[in-house]
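Q: I have a structure open here and would like to go through it with you. Could you take my questions one at a time?

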Amino acid sequence: MAGMKLAILISGRGSNLQALIGAAAEPGYPAEICLVVSNRADAGGLKIAAAAGIDTAVIKTGDFDSRDDFDDALDARIRESGADMICLAGFMWLLGESFVHGWRDRLLNIHPSLLPAFKGLHVQAQAVEMGVRFSGCTVHFVRPELDDGPIIVQAVVPVLPGDDTETLSARILEQEHTIYPLAVRWIAEGRVRVSGERVLVEGGDPPEQTLISPAV
Ligand code: GRF
């Protein structure tokens, strides 16, 4: 079916990509994936995309003289694909201001913490170390600062006594696979508006914007 066209950017495993592919295959889902780009040739997600018959491209940061040159090549390839929106899904590269402004409010990221807490890398380990009682994941519009931008949806999970990085990461990841397709659906249905730093979801009850994983 015709729908919003997505370019998905990855660097690794691709489980969020897999979740988006699964959602897009459901009847009536309002978005489709037109391109998957990796900045690493060995990203597992490339095989997932190829198996689903999706166009893939590898654009390596090391092949360019500057960050801007890389961003420009990436931008050109994505525009050539006809994508309406970009989903960062484990893409380990900080896109420059010009790229980010060019896709303002059409560039999403998923991050495995309850932003604005725990930005950057290894955030599940930090959550365990800090002894927080809850963590989770966030889908947000991208702004030039790392892990910054208006929040579309978050899911909360408990941090349990005895959790280590692996068990907490797995609990969070399960929720990532739910909220990323959900955020894309809301946007593709035209229900999402950015107002200042906030996202308003039309027709969504406030509780629908925060999914709390079942008690364990
Ligand atoms: C996820 O935890 C995502 O939140 C973070 O990078 C990881 C990517 O995992 N940005 P995958 O490649 O989607 O499995």
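Q: How many disulfides does a search of the whole structure find?
A: The search finds zero disulfides, a disulfide being a pair of cysteine sulfur atoms within 2.5 Å. Cys34 is in none, and the nearest cysteine sulfur, that of Cys87, is 10 Å away. Before going further, please keep in mind that this is a predicted model, in which local features need pLDDT of at least 70 and side-chain atom pairs count only at pLDDT 80 or more, while totals for chains, interfaces and linings use all residues. Residues are numbered from 1 along each chain as its sequence is written, and side-chain values use heavy atoms, with hydrogens and water left out.

Q: Switching topic, what domains is the protein divided into?
A: Domain 1 covers 1-103 and domain 2 covers 110-216, with bounds that come from an automatic or database domain assignment. Their C-alpha centres lie 20 Å apart.

Q: How many residues are in contact between them?
A: On the side of domain 1 there are 22 residues in contact with 16 residues of domain 2, where contact means heavy atoms within 4.5 Å.

Q: What area do they bury, and what are the counts of salt bridges and polar contacts?
A: The two domains bury about 1600 Å² between them, with 72% of it on carbon and sulfur atoms; buried area is the accessible area (1.4 Å probe) that two parts lose on being put together, summed over both. Zero salt bridges are counted between domain 1 and domain 2, a salt bridge being a side-chain nitrogen of Lys or Arg within 4 Å of a carboxyl oxygen of Asp or Glu. Five residue pairs, both members at pLDDT 80 or more, are in polar contact between the domains. A polar contact is a pair of N or O atoms within 3.5 Å; within protein, one must be able to donate a hydrogen and the other to accept it, and residues adjacent in sequence count only if both atoms are side-chain atoms.

Q: Which elements give two or more residues to the domain 1 side?
A: They are β1 (4-10), α1 (15-24), β4 (85-88) and α4 (97-102), and α1 gives the most, with five residues. Helices (H or I, at least four residues) and strands (E, at least two) are DSSP runs, numbered from the N terminus.

Q: What else can you say about α1?
A: This helix is mostly covered, since seven of its ten residues are buried, among them Leu17, Leu20 and Ile21. The cover over the buried residues of α1 includes β1, β2, α2 and β4, together with β5 (107-111) and α6 (165-188).

Q: Where does Tyr29 lie?
A: Tyr29 lies in the loop between α1 and β2, and it is buried, with a relative accessible area of 3%. Its side chain reaches the backbone oxygen of Pro181 at 2.6 Å. The C-alpha atoms of Tyr29 and Arg185 are separated by 7.0 Å, although these residues are 156 residues apart along the chain.

Q: What about Asn39?
A: Asn39 is in the loop between β2 (31-38) and α2 (44-51), and it is buried, with a relative accessible area of 9%. A polar contact of 2.7 Å joins its side chain to that of Ser11. Leaving aside neighbours within four places in sequence, the residues in contact with Asn39 include Ile10, Ile59, Phe70, Phe91 and Trp93.

Q: Last topic, backbone geometry: which peptide bond is cis?
A: The peptide bond from Leu115 to Pro116 is cis, with omega near 10 degrees, and Pro116 is found in the loop between β5 and α5 (123-130).

Q: Which residues have positive phi without being glycine?
A: They include His122, with a phi of about 55 degrees, and Asp147, with phi near 55 degrees. His122 lies in the loop between β5 and α5 and counts as exposed at 63% relative accessibility. Asp147, in the loop between β6 (134-141) and β7 (151-158), is buried, with a relative accessible area of 12%.

Conventions. Buried < 20%, exposed > 50% of the residue type's maximum accessible area, 1.4 Å probe, protein only.
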